[in-house]
Amino acid sequence: MTQSLKFMRFLSIYTSFGLLEIQRIFQYNAWFWVELGRGIIAMIIMTAFWKAIYADQTQLAGLTLTTTLSYVILARALNAANASSVYWWIAQHISKGELELQLLRPLDFQLLHLFRDAMSWFVGLLRSLPALLVGFIVFSAQLPTDFMAYMAFFITFFLGGIVMFFFEFMLGCIAFYTTEVWGLSVLREGIALFFSGAYIPLNFLPETFRVIASATPFAQATYVPISFLAGVQNPANLGNAILSQLISILVIAILSRWIFSKAVQVLTVQGG
Amino acid sequence: MRYLELYGLFFVQRLKVFLEYRLSFLIGASSTFFMQAGGLFAIWAVMRVTPNLLGWSFDQVLLLYGMVALARSFELMFANNLWVVGQHYIRSGDFDRFLVRPINPLFHLIADRFNHDGIGNFLIGLVVVIRSSLSLNIDWNLEKVLCMVLAALGGGLVFIALNLITCVSAFWIVDSAPVTLAVHEWHEFAKYPLSMYSSQIKTALTFVVPYGLVSYYPALFVLGRDSSFLAFASPFMGMGLMLIGYALWNVGLRRYGSTGS
């Protein structure tokens, strides 16, 4: 083999490894840009939709166009930043047959995952920043001027995250019985769309629906914090909001631990 | 004919998997129903307060929504593998399986997995279209029925073709899902009247990423608001895009070197 052929072969082998790195970086970046792009598309649609809806009126369901737009844009930008992944973790532990190893650890399984999730909410907030900036700069979402509104947002954002965590934990226990999680997760997302206030402020719902929705974990995690940040809810209501979130946490936490203790007894390890 | 027979065989295999995991099948098939219902509920709640969206009533918006769901269900049911060609087939080296068999690799990829999640989409699309057209008292004639059927089938073709064009990027970057998603997301626009958007977006949705041909133009025709040829354009646009997609697919296939795993 001549020297030049050897060199070409050398080059082709090492370049292919180099290309793999480009692929890897591109994929991470690609997902970032695509998510931002999806956010922008949603914001364009929302802005056009709400402007058309408000074409002949200044107030609807007690909200002005500016407040409603701020709400829906913030809801889209934050895009469940305080969501929980514990549901998937439980399912994954079960399907890989490694749950019993997790349970053998001298740590509280539930608390461990709560801390894991809580850290991810900080990352979630950071990741929402580009979409939030686009929302404020391009789509004129309004930031509150009252410092208390930010306080109310942060407190209810994290408490709401905890409510969702315990709820998702409870849901994850279903995987002990079904060993199937994908369909159930889509089902849950659909139901969350009804009640969380991720699409529209709950103020637009008929009274009965609004009362039911407000009591769900979905609304506690999404509607409550965003309504403070968008000016839909007055920061003076913070006390009530916190109380209601704490009660939800208490009830769902106890329930989830009870269900987990029952469910773990029927654990079937897939693939032995 | 041979390919149709083969598709039947693949389908039967897939059905056996479903029967093995019956609960999973039922949940999967009904889950998209709830996702769609969630979106519809939000529109209903708003239009309950103001029943007018630039001259479009709630039932008319429902019609658009249902038509998009119906067209998309064909992509979901029959061509869902285009989403995961990179992640599930090329990355794992599983794609090589298609290359050593005496059938068209693209056909094999598509036939490899019938996706039952699409059934829910199809049913909700159908129910929403029927429900809205009943309350709109549409004066049906052969032309209008033809327009709706073509919009659903041609629309399905548009969805599949755009996914095919974008999934070809998997031959270069392996995971093509973000590229597909970036284009696919535009279908969200078509769930509302295009007159709501700026003229640039409207043009893009008519000629570049023609999801507007799936719902808006056929709906205008069926509602008797406009009789533009665009109401019948989705099958032609779909076929044109399919040809482009297939040509690109072949370019990608020639370039394809296995991941070597």
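Tutor: The crossing of H5(A) and H6(A) is right-handed (a crossing is right-handed if the near helix is turned clockwise from the far one by less than a right angle, and left-handed if anticlockwise). H5(A) covers residues 109–137 and H6(A) covers residues 147–172, and their axes come within 10 Å and cross at roughly 135° (axes are lines fitted to C-alpha atoms, for helices over the stretch in contact, and angles run from 0 to 180 degrees between N-to-C directions). This angle makes H5(A) oblique to H6(A) (under 35 degrees counts as roughly parallel, over 145 as roughly antiparallel, 65 to 115 as roughly perpendicular, and the rest as oblique). On the side of H5(A), the residues in contact include A:Phe109, A:His113, A:Asp117 and A:Trp121; on the side of H6(A), they include A:Phe153, A:Phe157, A:Gly161 and A:Phe165 (contact means heavy atoms within 4.5 Å). The residues of this contact divide into 14 nonpolar, 3 polar and 1 charged (Ala, Val, Leu, Ile, Met, Phe, Trp, Tyr, Cys and Pro count as nonpolar, Asp, Glu, Lys and Arg as charged, and the others, Gly among them, as polar).

The model is predicted: local features need pLDDT of at least 70, side-chain atom pairs count only at pLDDT 80 or more, and totals for chains, interfaces and linings use all residues, while side-chain values use heavy atoms, with hydrogens and water left out. Residues are numbered from 1 along each chain as its sequence is written, and chains are lettered from A and ligands numbered from 1 in the order in which they are written.

H5(A) also packs against helix H3 of chain A, residues 86–95, at an angle of about 130°, with the two axes 10 Å apart. H3(A) is therefore oblique to H5(A), and this crossing is right-handed. H3(A) contributes A:Val86, A:Trp89, A:Ile90 and A:His93, and H5(A) contributes A:Phe109, A:His113, A:Arg116 and A:Asp117. By type, the residues here divide into 4 nonpolar, 2 polar and 2 charged. A:Phe109, A:His113 and A:Asp117 of H5(A) are named in the contact with H3(A) and also in the contact with H6(A).

Along the sequence, chain A follows the pattern α-β-β-α-α-α-α-α-α-α-α-α-α-α. Its C-alpha trace spans about 80 × 55 × 30 Å along the principal axes. Of its 272 residues, 49% count as buried (buried means under 20% relative accessible area, exposed over 50%, and partly exposed in between, with a 1.4 Å probe and protein chains only). Among contacts in chain A between residues at least 6 apart in sequence, 77% join residues at least 24 apart.

Most residues other than glycine have a negative phi. B:Val174 lies in the loop between helix H9 (170–173) and helix H10 (177–184) of chain B, and it is buried, with a relative accessible area of 9%. B:Asn137 also has a positive phi, near 50°. B:Asn137 is placed in the loop between H7 (117–135) and H8 of chain B, but it is exposed, with a relative accessible area of 65%.

Helix H8 of chain B, residues 142–167, holds B:Leu157, which is partly exposed at 25% relative accessible area. Leaving out residues up to four places away in sequence, B:Leu157 touches B:Pro235, B:Gly238, B:Met239 and B:Met242. The C-alpha atoms of B:Leu157 and B:Met242 are separated by 7.5 Å, although these residues are 85 apart along the chain.

Conventions:
Helix = DSSP H or I, 4+ residues; strand = E, 2+ residues; numbered from the N terminus.
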